[in-house]
Amino acid sequence: MPSTESSKIVAIYPGSFDPITNGHLDLIARGSRLADRLIVAVLQNQRKTSLFTVEERVEMLQEVTRPFPNVEIGSFNGLLVDYVAAREANFIIRGIRAISDYEYELQIAHMNRRLSPGVETVFLMAAEAYSFVSSQLVKEVASLGGNVAGLVPDLVERKLKQRVAETK
Ligand code: PNS
């Protein structure tokens, strides 16, 4: 029996994605196999200063997730649980690289469940090859002229080089 729209499993993978790394992309590939639709959601209302605008991040995400037909890119303001409800999503996906991530993620997951008791968070262990990769470190290395090839998609590597050159 074909599944109806309302019976489809929808997952949300939220984050800053400033910019997307190959670690994120690996999680998107794996997460896209756990749901009928995976919505990658960029947080808009950040206090921390970002290198790329939300629009630029969304554009990069759209480009690099083109091979995954069931992945769509969105952005949200305010509480994640409200966005989860608005998109009628079934669960949240987050990645864990190390124990240090676990403590932060545990807090977020507990808070989200308190705010909205039905919302589950599914954690995926980051691929070993990317377990040390973060957007923050990638930005730092790129801004100091280091090589980030293989840590981010090629498009992102080019955008990082451009942005670093512009801000010098
Ligand atoms: O990539 P990041 O910066 O680790 O992602 C953090 C994110 C976006 C998942 C988290 O900050 C978030 O969900 N913010 C939305 C505001 C919110 O819902 N806060 C309450 C739960 S922590």
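Mentor: Happy to; we will begin with the sheet, go on to its helices, and end with some aromatic rings.

Keep in mind that this is a predicted model. The sheet is open and has five strands, in the order 3-2-1-4-5, with parallel pairing. Which strands are at the edges? Strand 3 (71–76) and strand 5 (120–125) are, and each of them pairs on one side only. If you compare neighbouring strands of this sheet, they are turned against each other by 30° on average, with direction ignored.

Let us look at one pairing in detail. Strand 1 (residues 10–15) and strand 4 (residues 91–96) run parallel, and two bridges join them. Here you can find Ile12 opposite Ile92 in strand 4.

Now for the helices. Helix 2 packs on the sheet, where it touches strand 2 (37–43) and strand 3, and the direction of helix 2 makes about 155° with that of strand 2. Helix 4 (residues 99–115) lies across strand 4 and strand 5, and runs at about 170° to strand 4.

Helix 2 also has a helix as a partner. The axes of helix 2 (residues 54–64) and helix 6 (residues 154–166) come within 10 Å and cross at roughly 155°. Because angles over 145 degrees count as roughly antiparallel, helix 2 is roughly antiparallel to helix 6. Which residues meet there? From helix 2 come Glu56, Met60, Glu63 and Val64, and from helix 6 come Leu155, Val156, Lys159 and Arg163. Sorted by class, this contact of helix 2 with helix 6 has four nonpolar and four charged residues, and no polar ones.

Finally, the rings. How many aromatic pairs does a search of the whole structure find? It finds two. Phe76 has 6% relative accessibility and counts as buried, and Tyr83 is buried with a relative accessible area of 10%.

Note on methods. Residues numbered from 1 in each chain as written. Predicted model: local features only at pLDDT ≥ 70, side-chain atom pairs only at ≥ 80, totals over all residues. Heavy atoms only, no water. Axes fitted to C-alpha atoms, helices over the stretch in contact; angles between N-to-C directions. Helix = DSSP H or I, 4+ residues; strand = E, 2+ residues; numbered from the N terminus. Parallel < 35°, antiparallel > 145°, perpendicular 65-115°, else oblique. Contact = heavy atoms within 4.5 Å. Nonpolar A, V, L, I, M, F, W, Y, C, P; charged D, E, K, R; others polar. Phe/Tyr/Trp six-rings, centres within 6.5 Å; stacked < 30°, edge-to-face > 60°. Buried < 20%, exposed > 50% of the residue type's maximum accessible area, 1.4 Å probe, protein only. Pairing = 2+ DSSP bridges.
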